[in-house]
Amino acid sequence: MKAILFREIKSFFGSPIGYLVIAIFLILNGLFLWVFDGEFNILNSGFADLGPFFKLAPWILIFLIPAVTMRSFSDERKQGTIELLFTKPLSIWEIVNGKFFGALLLIVIAILPTYIYVWIVSYLGNPSGNIDIGSTLGSYFGLLFLIGAYSSIGIFTSSLSDNQIIAFIISVFICFIFYFGFDGIAHKFAENSKIIAALGMDYHFRSMSRGVIDTRDIIYFLSITILFLSLTVFQLKRVRG
């Protein structure tokens with residue numbers, strides 16, 4: 001698995017892809033949080049709170065992570081190198097996990113510079129240092145699990161086709177449904193709204209953002225991640241024949 005992981009990281013940073021992903025994520029967040037007027041602008045909110053960042057980041061990642069993962073297996077199938085992967089002394093699970101953790105690590109690297117936002121918001125608080133560290137750490141923790149779930153979905157969709165664009169579109173759609181779709185459907189069914197909303201990622205991400213780490217939220221995200229990685233393994237076994 002380590003060989004696949006290092007190969008993915010080398011591939012990301014051996015081309016403009018890795019640097020472009022990190023730059024796009026940081027620039028988009030920076031513009032919406034500090035420059036553009038609107039609901040996400042921290043300076044205009046009047047509160048020393050990183051809430052706007054944690055509302056915005058999942059939406060940017062809905063597009064950014066599929067852009068990273070769309071080539072994982074699609075490109076291998078298109079170039080005909082997927083057969084070479086199958087000949088390596090690795091199980092399909094190890095191959096999938098190597099691809100998954102490679103994408104996950106790249107996005108985590110993109111997230112790390114945003115910790116400077118914590119210092120800035122804390123400095124701007126009145127009095128200085130007036131920031132809810134508990135909810136902030138909980139939100140970052142939840143964001144890590146959200147990135148894992150998005151990445152597993154992206155890895156799965158990349159195994160479905162040798163066309164990267166198709167993989168990207170399907171991945172964005174599934175991520176959107178899991179993050180926002182169930183919450184939107186819940187509003188249409190008042191009686192069972194909480195049960196339906198609990199099927200979506202947004203519900204559990206907001207729960208973790210309160211600073212209280214509930215094992216139900218962790219189990220939910222781990223279940224989604226394992227489910228889509230398992231589907232990827234199943235699909236690759238079909239491809240291998």
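In this predicted model, the charged end of Lys 99 sits over the ring of Phe 73, at 5.4 Å from the ring centre. The side chain of Lys 99 also makes a polar contact, at 2.9 Å, with the side chain of Glu 76. Beyond its neighbours within four places in sequence, Lys 99 is in contact with Phe 73 and Glu 76 as well as Ile 4, Glu 8, Ser 72, Leu 85 and Ile 155. With a relative accessibility of 1%, Lys 99 counts as buried, the cut-off being under 20%.

Lys 99 belongs to helix α7, and the setting of this helix is worth a look. Of the 20 residues of α7, 14 are buried, so the helix is largely enclosed by the rest of the structure. Its length can be checked too: at 1.5 Å a residue, helix α7 (residues 92-111) should span 28 Å, and its end C-alpha atoms are 29 Å apart, which agrees.

Turning to the aromatic residues, the structure holds 21 aromatic pairs. One of them joins Trp 59 and Phe 176, whose rings are tilted, with 6.1 Å centre to centre and 55 degrees between the planes. Trp 59 lies in helix α4 (residues 51-69) and Phe 176 in helix α10 (residues 164-186), so this pair ties together parts that are 117 residues apart in sequence. Trp 59 is partly exposed at 30% relative accessibility, and Phe 176 is likewise partly exposed, with a relative accessible area of 33%. Elsewhere among the aromatic residues, one cluster is formed by Trp 34, Phe 53, Phe 54, Tyr 115, Tyr 117 and Tyr 140.

Methods: Residues numbered from 1 in each chain as written. Predicted model: local features only at pLDDT ≥ 70, side-chain atom pairs only at ≥ 80, totals over all residues. Heavy atoms only, no water. Phe/Tyr/Trp six-rings, centres within 6.5 Å; stacked < 30°, edge-to-face > 60°. Helix = DSSP H or I, 4+ residues; strand = E, 2+ residues; numbered from the N terminus. Buried < 20%, exposed > 50% of the residue type's maximum accessible area, 1.4 Å probe, protein only. Lys NZ or Arg CZ within 6 Å of the ring centre and 35° of its normal. Expected span 1.5 Å × (residues − 1). Polar contact = N/O pair within 3.5 Å; in protein donor to acceptor, adjacent residues only side chain to side chain. Contact = heavy atoms within 4.5 Å.
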